[in-house]
Amino acid sequence: MKKLYLEIRFFYAAISIIVLFALSYLFPVLFGVSKVLLFSLIFLTFLDIFILFFAKKGIQAKRLLPEKFSNGDENPIEIHLKNHYTFKVFAKIIDEIPNQFQVRDFLIQQELKASSNKEFQYQLRPTERGEYWFGKLIVYAQSPLQLVSRRFDFQDKDMVMTYPSFLQLKKFDLMAMAYRNEYGIKKIRKIGQTMEFEQIKEYVLGDDIRNINWKATAKKNQLMINQYQDEKSQPIYSIIDKGRVMKMPFNGLSLLDYAINSTLVMSNVTIKKHDKAGMFCFSKKIENRVVAERRSNQMNLILETLYNVKTDFKETDYSRLYADLKQNIKQRSLLFLYTNFETLDGLDRQLAYLQGIAKNHVLVVIFFINTELEELINNPSEEIKDIYNKTIAEKFRYEKRLIVKELKRRGVYTILTKPGNLTVNVINKYLEFKAKGVI
């Protein structure tokens, strides 16, 4: 009996019969009709119960989960249904999805033909890294009478781990080999030349005569030229500020999660471009360090490290960052620093350390446009309060521009971006530096 549930059609029929019995006091002819309908309902209900519970298997269902979730992306969940009944079944599927999604009304209705299989999927978009536990997969089966339903329970306590957005790796993977425009990546024109020597070869028409190797020419008694290639194996570090300024939310994700997703994609592009990818996080101390290398398992190491990064809600210590870089990274490197500055006062306290880092490395400070302020500025003003709020918002937007100018004046590169455009803008900056020979 625990598997038996009365459906809404049964209650509608029962209420209708009760109304007819009540009306039979006024119209006695309805009494006989009401009795016939009552016995018919009882008979059909028992018939419905019999045909649903007679088959032992009835309905089989299976939930297919991905090996891991990609944070901030739509992840497909597949449901496979098999109908063992010899008649059409109406199924209501309830999947007890993880509590992180806070969905309390999940319901999918499907119609299954007799002795048939059916597959479908739905999407889940996680916004936090960590473990996601699924509960039971519940199916309520109804016969064509739809008076009662039989409950079937499948699976329980399935767990999927949510990692930084590895789906973006596929989206931007082609950009590691060539510049394309589909995803907003700018095509950068190569200028100048790099000076990493590759080989000495015979001169052919069209070669740059400035690269003629006169010593080799004298030995061979024919023009020989030095051939160079793009500089490779440059250390590229992604540095993530995990202090409280990075907890600001945008479209369900925190700025920290956007920085983590961008770091993963940027590391993949870096390795595909034959450079060394590394990363670490900092707040009160330096943590989650992955030394810049180009090993076969480097991406997996970065992915596993980023999975465990969480904000500590503390004030960021840039002096600790400066000291650590001076001690542990001797080779000149490209550093992408993911942080956030809202005011000039906040920048002034850290400017000396940023300027000191920029003397020894190519430093790119990445911080974010407050999109809520942008919406406030663009909305029409209807009251005095709206004008006041827009004025304050304009002041903060202007300060962001002053921060960019001040960093540029001190020799520090910057990226001021909306969170949604972060990954594209960081890749563009990296490709621009490669094309200009900055690194």
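Let's begin at helix H10 (residues 371-378), where a side-chain oxygen of Asn370 comes to within 3.2 Å of the backbone nitrogen of Glu372 at the helix start. Helices here are DSSP runs (H or I, at least four residues), strands likewise (E, at least two), numbered from the N terminus. Please note that this is a predicted model, in which local features need pLDDT of at least 70 and side-chain atom pairs count only at pLDDT 80 or more, while totals for chains, interfaces and linings use all residues. Residues are numbered from 1 along each chain as its sequence is written, and side-chain values use heavy atoms, leaving out hydrogens and water.

**Helix H10**
- Thr371, Leu373, Glu374 and Ile377 are buried (under 20% relative accessible area; exposed is over 50%, partly exposed in between; 1.4 Å probe, protein chains only).
- These four cover an arc of only 155 degrees around the axis, which puts them on the same side of H10 (the arc is that of the directions from the helix axis to the C-beta atoms).
- Glu372 and Glu375, on the other side, are exposed.

**Salt bridges**
- The structure holds 22 salt bridges (a side-chain nitrogen of Lys or Arg within 4 Å of a carboxyl oxygen of Asp or Glu).
- One of them joins Arg63 and Asp95 at 2.6 Å, N to O.
- Arg63 sits in strand S2 (residues 59-64) and Asp95 in strand S5 (residues 89-95), so the pair ties together parts 32 residues apart in sequence.
- Arg63 is buried at 3% relative accessibility, and Asp95 is buried at 2%.
- In helix H12 (residues 422-436), Glu432 and Lys429 lie three residues apart, about one turn; their side chains meet at 3.9 Å, N to O, and both are buried.

Key. Polar contact = N/O pair within 3.5 Å; in protein donor to acceptor, adjacent residues only side chain to side chain.
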